[in-house]
Amino acid sequence: MKLYTKLFTSAIALCMTVAVSAQQAREDFRKDITLSGSNYKAYPGPQKALTPAPEGYTPYYISHYGRHGSRYLIGPMDYDVPYNAMKKASEAGVLTEKGLEIFDKIGQIREEARGRDGELTQLGAEQHRGIAKRMYERFPEVFKGKTNIDAKSTTVIRCILSMENALLQLATMNPELNIRHDASRHDMYYMNQSDSVLSALKRQGEKSQEYVDFRKKHRPSDRILNLLFKDKSFLDDYKIRGHKLEGYKLIEKIFELASNIQSTELRHKFNMYDLFNEDEVYDLWARSNAFWYVNYGSSPLSGGIQGYSQRNLLRKIISEADSCLALPHPGATLRYGHDTMVMPLVCLLNLNGYDKKVSLDDLDKSGWYNYNIFPMACNVQFIFYHKNDQDKDVIFKILHNEDEALIPELKPVQGCYYKWSDFKDFFLKKLDDYEKK
């Protein structure tokens, strides 16, 4: 009887643990609903204090890859589709009072973004100045004197401006810095790599029955449409470029607008989250989370290997680090690109166990939350340490969004600090093994 009681108690405890884990995203959204915006989440900054390096070690080189800061939505259709649908409904007299309120807000959002397709917002610029300032203040030894800063960006203007804001901040803090900066197609093979094989696997994943069923299960109901329209059948005859606008797709578009307000100056004026209840927020996020996992994570549905899209970037990080580490005062190598590079890089490195291979139904309770991986201005920083200029036993740690991250496959020297030689041995073999297939 005692054994049965213990087993029963253990089973209940396990179930409670799973239940709590499965509800973690919902709990996160209760505390901060902006997290539900996935890749539209404005950069939150570091959440934890840094741990001291092993005794005698000082930082002397940084290698970095970061996403551009907060931006406007990409493509005028992101604004025009919901605006024009609501405008037509307003002209037809079928918008409710709430519908008219949301229409007015969408109009303000659209007007603020006019002519700024995908461009960096004011907040996005501030984010990168803040990241650069903290980098300088946390690791001042790296930036002292007339050291070199080599910065590169993709050719996209929001990335270039993110880079320039970061460099302006560093130059303000140390005018002696020797800064080189560039944005060229020459570097796009690793700064924004494309891969036809992996892209085909993405399409395979999106066509899988598991993915289709999951997205359907988390499709928002018509409740919001009933809040906005006196007669939601108005949408039955409404078409965009010859195609019917499905009600749930309109809801998704409005949710994107609501999520991106946090990246603009309109965040000081209003929000639109009151339109969505807790279940709708969760479902809309879950659909997005599944999309990003299948397309850029390690989902078995898309081959479980999407992280290898960043193999050129990782090889470049390693080779440039080796070159710089041979110098007495190497400074920093900074790179500015996109979320579609940071997410698979995090998975390739398996930072904090993000190289998970689970079903979509288990994604939430496994702790795979896209908003923790790639908010606006997300970044990965390699911080290198040595004891003196002649020391060859280099150690390093990785910061993911400025918080220390663990690499489960490697044995640390101490805490989150690893031998650079161990990292190279493991990951170069990992890349070699993939490329031999």
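This is a predicted model: local features need pLDDT of at least 70, side-chain atom pairs count only at pLDDT 80 or more; totals for chains, interfaces and linings use all residues.
Trainee: How many helices and strands does the protein have?

Mentor: The protein has 16 helices and ten strands, where helices (H or I, at least four residues) and strands (E, at least two) are DSSP runs numbered from the N terminus.

Trainee: Why is the protein called as compact as a globular protein of its length?

Mentor: The radius of gyration, taken over C-alpha atoms, is set against the globule rule, which is 2.2 Å times the number of residues to the power 0.38. For 437 residues that rule gives 22 Å, and the protein comes to 24 Å, which is close, so the protein is as compact as a globular protein of that length. Along its principal axes, the C-alpha trace spans about 75 × 70 × 40 Å.

Trainee: What makes Arg335 a buried residue?

Mentor: Buried means under 20% relative accessible area, with exposed being over 50% and partly exposed in between (1.4 Å probe, protein chains only). Arg335 has a relative accessible area of 1%, and therefore it is buried. Its place is in strand S6, residues 331-337, and by the same definition 55% of the 437 residues of the protein count as buried.

Trainee: How do you know that the side chain of Arg335 has a polar contact with His64?

Mentor: A polar contact is a pair of N or O atoms within 3.5 Å; within protein, one must be able to donate a hydrogen and the other to accept it, and residues adjacent in sequence count only if both atoms are side-chain atoms. A polar atom of the Arg335 side chain lies 3.0 Å from the backbone oxygen of His64. Contact in the wider sense means heavy atoms within 4.5 Å, and the residues that Arg335 touches include Tyr65, Lys152 and Glu320, not counting those up to four places away in sequence.

Trainee: Why is Arg67 called buried?

Mentor: Arg67, which lies in strand S1, has a relative accessible area of 0%, so it is buried. A polar atom of its side chain lies 3.4 Å from the backbone oxygen of Pro375, and among the residues in contact with Arg67, leaving aside neighbours within four places in sequence, are Asn39, His128 and Asp339.

Trainee: What is said about the phi of Ser38?

Mentor: The phi of Ser38 is near 55°, a positive value in a residue other than glycine. Ser38 lies in the loop between H2 and S1, and its relative accessibility is 1%, so it counts as buried.

Trainee: Why does Gly45 count as buried?

Mentor: The relative accessibility of Gly45 is 10%, and therefore this residue counts as buried. Gly45 lies in the loop between helix H2 (24-31) and strand S1 (58-67), and it is in contact with Arg134, Asn401 and Glu402, leaving aside its neighbours within four places in sequence.

Trainee: Where is Asn401 found?

Mentor: Asn401 is in the loop between strand S8 (395-400) and strand S9 (403-405). This residue has a positive phi of about 55° although it is not a glycine, and with a relative accessible area of 9% Asn401 is buried.

Technical notes. Residues are numbered from 1 along each chain as its sequence is written. Side-chain values use heavy atoms; hydrogens and water are left out.
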